[in-house]
Amino acid sequence: MRALYPGSFDPLTLGHLDLIERGSQLFGEVVVAVLQNPGKTPAFPLEQRLAQIQTATHHLSGIQVISFDGLTVRCALDTGSDVILRGLRAMSDFEYELQIAHTNRSLEPDLETVFLATTAHHSFLSSSVVKEVARFGGQVDHMVPPVVADDLRRLFNQSFRQRP
Ligand code: ADP
């Protein structure tokens, strides 16, 4: 099966990567679809987010990385995806995710959304938390893949202390 994993990924965290790895074990193929949202100014431009995901998923097979705009269900149909994959960290995610899942199902009744619960030690991770820590010079190597940690250092122009 092929799962579509849509999101902003601004930037990719180890929580996202964990979901991609588990999604590929479950489904065989995962299309990571990076949302091109003209209404939002991302910290990382689209091309850079795509490159980060490509580098971080290099060790996996069956992964496609694409960008999309417009409806997620349209992107799922266009890519021949069987399910939409999303992650749940806490109750706070649940209400939002359920609303999106219901909306998508009302548009495409045959397209199911599958939720994977976060791995416990990644449950605190979000792209915004990572950016906040990096902005103030904190260590992010345990939160993001190496390529993203490097990009964050460049973005915030910080020389981080390496972990021992
Ligand atoms: P969006 O803007 O669409 O919410 P995100 O990039 O923030 O995009 O998240 C994409 C998906 O990944 C969402 O379903 C989100 O709940 C999930 N996700 C984000 N961080 C984690 C994490 N640490 N563990 C599991 N799932 C996560």
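## Ground rules

Since the model is predicted, local features need pLDDT of at least 70 and side-chain atom pairs count only at pLDDT 80 or more, while totals for chains, interfaces and linings use all residues. Residue numbers run from 1 along each chain as its sequence is written, and side-chain values use heavy atoms, with hydrogens and water left out.

## The fold

The chain has six helices and five strands, and along the sequence they come in the pattern β-α-β-α-β-α-β-α-β-α-α. Here helices (H or I, at least four residues) and strands (E, at least two) are DSSP runs, numbered from the N terminus.

The radius of gyration is 16 Å, close to the 15 Å that the globule rule gives for 164 residues, so the chain is as compact as a globular protein of that length. That radius is taken over C-alpha atoms, and the rule is 2.2 Å times the number of residues to the power 0.38. Along the principal axes, the C-alpha atoms fill a box of roughly 50 × 35 × 30 Å.

## Around the ligand

The ligand is surrounded by 16 residues, and the closest are Tyr-5, Ser-8, Phe-9, Gly-87 and His-122. The shell divides into five nonpolar, seven polar and four charged residues. In this scheme Ala, Val, Leu, Ile, Met, Phe, Trp, Tyr, Cys and Pro are nonpolar, Asp, Glu, Lys and Arg are charged, and the others, Gly among them, are polar.

Now for the polar contacts (pairs of N or O atoms within 3.5 Å). Tyr-5 puts a polar side-chain atom 2.7 Å from a ligand oxygen atom.

The loop between β1 and α1 holds both Phe-9 and Pro-11. Phe-9 has a phi near 50°, a positive value in a residue other than glycine. Phe-9 is also one of the closest residues to the ligand.

Definitions and conventions. A residue is near a molecule or strand if one of its heavy atoms lies within 4 Å of it. A polar contact is a pair of N or O atoms within 3.5 Å; within protein, one must be able to donate a hydrogen and the other to accept it, and residues adjacent in sequence count only if both atoms are side-chain atoms.
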